[in-house]
Amino acid sequence: MNFIIKIIIITLVFFINTTTSLAFKKDVDRVYNEFILKLENRFSDPNKRLQVLIKLNSNLLKIKDKYPRQKEIIDYLLIINKKEIIALNRNINSNLEGFILELIDRWYKYIEVNSSFEFSENWTIKRIIFSNYYSPDKNNYKYFLNDFKWGYLFFYDNSLFLVDNYDIEKKYSYKELSNIFTNYMDYDDRFILENWKYYTYRYSRFNFFNDNYWVYLSDLSRNNISKENSLYIKKWDKYYFSNDYYKVDLISSELASIIENKQEFLYSVFDDNKFIQDDYESILYEIKDKTFEIIKDKKNDDEKILAIYDWLVDNMVYYNNYTDWYKEIFSWVHSFKNLTWVCDWYTKLFLYMLSFAWIKDVSIIRWWVFNVKDFPDFWHAWVKIGDKYYDLTFDNISNIQKNIYFWLNYELMYLDRFEWRDLFLQYKDLSLEKRQEIALKNMFDIYDKYKNNLLLTRVKNYKYLGLNYNEKPTLDILKEKMDFYNFSNYKNNDNWDIKKIKTFKFYNIDSENVSYFVNSNIDLSNMKLFKFDNWEYKLAYDIVYK
């Protein structure tokens, strides 16, 4: 619409340079009539055409004093445009009584309002606010023709209102408010760069309004919400307002320029901010330096990922002496400085190092592992790189095999975990034994597809022992299925097999812990079962013969 108005103004005002009054009026009439025809072709709705003409009139009044040489043309154009507005108004409001049409011709604008005094104008919802009004009728309307210059006419509760002292308030969509509020945060892009520093907001209490996603600023003001002092928040498809908030400084644009995974990186820094009192940007540079040290000889991304992963698994110890009140242990600063961890800041430190190594498409997943004791009280965290998954925590606490949870696809990683609320509700009341059985069944279901994967070694053990996923392993079954040697009183007998063995490594096993070993990632098919005095059983491996 604005484009059309600009074209007609330029054409009529600045390109008609005839000198005689009659000549320029003919030119203006011709161009204006062509404009009206084009307007009718573009907008079949007369109300939309009327809005364009009113806008044209407003723009002509604005430029009238700026261009005195075109004053005569502009004045004439205002006259013919007003006639067109009057004619169009009469056509639109032909059902109104004659005295109302006379008032409309006198520049009283007729609007149709709802019960909240709202009306539509220029494709915008507005509300007229007034304290006093007049009630014109057939007998008194001429008084308003003479002594009033401008106002609004509308019917309300079957009575005609005329108001000349009023305020017009625009109704904003929630989307439009983002351009009005000084402090605005969109959860899809919550990190803001300003003065070479990234920042975001942290807030607590908030208000939520749901009026079909449209709102008046005055309604917000009555709830102590202002566009200057309140925080406006878009969180997915909801909008909120908060007066209890503050800015959180994150990292410099200089640091942000040397990392990958910027959004995930900034989110983790923001999440850690509530635990950290240190100058954490300088600590991040220390992490960068350590990362470069770890990957200095690596030739590609795969080698870099493995080197960082191995360093974290080999050099850090699980921190199990904490309570929920000791929140500092959830900070990567604590993790990096003390080489101790729990899953959340282990994954964050992994993320930071990968980002400094320019590994792309890294994200942290926080959901549930269901076959562990602390489910459902605690969630777990692991890392996704591209379409592969990595769980530092499970690899670190495993004292049997390294990198079992490294470079897994979705099907393997999610054998014992999930991201969906409906599964949480299904599993939360099940016993640990039942949940472990479900995880084992999932492994049985895909064993033939991934039988060489170390994660499925426990299934290999079950199959080696002739067990199904829901059968419980016992020491007697191991004695029956494995290579079993009974060396009781071997010092006093002439057992040939024990004399051939020079050294061996072993795990002590009994009826209490047999399930642990069968369900671990120890490959029983490569081991032997020994029995010695005092009913001691040993799972023997790395056997060296004389």
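Is Lys 71 buried, partly exposed or exposed? With a relative accessible area of 41%, Lys 71 is partly exposed. Please bear in mind that this is a predicted model.

Lys 71 forms a salt bridge with Asp 75, and the closest N and O atoms are 2.8 Å apart. Both residues belong to helix H4, four residues apart, which is about one turn of the helix. Asp 75 is likewise partly exposed, at a relative accessible area of 22%.

H4, residues 71-92, packs with helix H3, residues 46-63, at an angle of about 155°, and the axes are 10 Å apart. Because angles over 145 degrees count as roughly antiparallel, H3 is roughly antiparallel to H4. The crossing of H3 past H4 is left-handed. Among the residues making the contact are Leu 50, Leu 53 and Ile 54 of H3, and Leu 77, Leu 78 and Ile 85 of H4. The residues of this contact comprise 14 nonpolar, four polar and two charged.

I return to salt bridges, of which the whole structure holds 33. One of them pairs Lys 528 with Asp 483, the closest N and O atoms being 3.3 Å apart. This pair links distant parts of the chain, 45 residues apart: Lys 528 is in strand E23, and Asp 483 is in the loop between helix H20 and strand E21. Asp 483 is partly exposed, at 40% relative accessibility.

Finally, Glu 536 forms a salt bridge with Lys 538, at 3.7 Å between the closest N and O atoms. Here Glu 536 is partly exposed, at 39%, whereas Lys 538 is buried, at 10%.

Methods. Residues numbered from 1 in each chain as written. Predicted model: local features only at pLDDT ≥ 70, side-chain atom pairs only at ≥ 80, totals over all residues. Heavy atoms only, no water. Axes fitted to C-alpha atoms, helices over the stretch in contact; angles between N-to-C directions. Helix = DSSP H or I, 4+ residues; strand = E, 2+ residues; numbered from the N terminus. Parallel < 35°, antiparallel > 145°, perpendicular 65-115°, else oblique. Left-handed = near helix turned anticlockwise from the far one by under 90°. Contact = heavy atoms within 4.5 Å. Nonpolar A, V, L, I, M, F, W, Y, C, P; charged D, E, K, R; others polar. Salt bridge = Lys/Arg side-chain N within 4 Å of Asp/Glu carboxyl O. Buried < 20%, exposed > 50% of the residue type's maximum accessible area, 1.4 Å probe, protein only.
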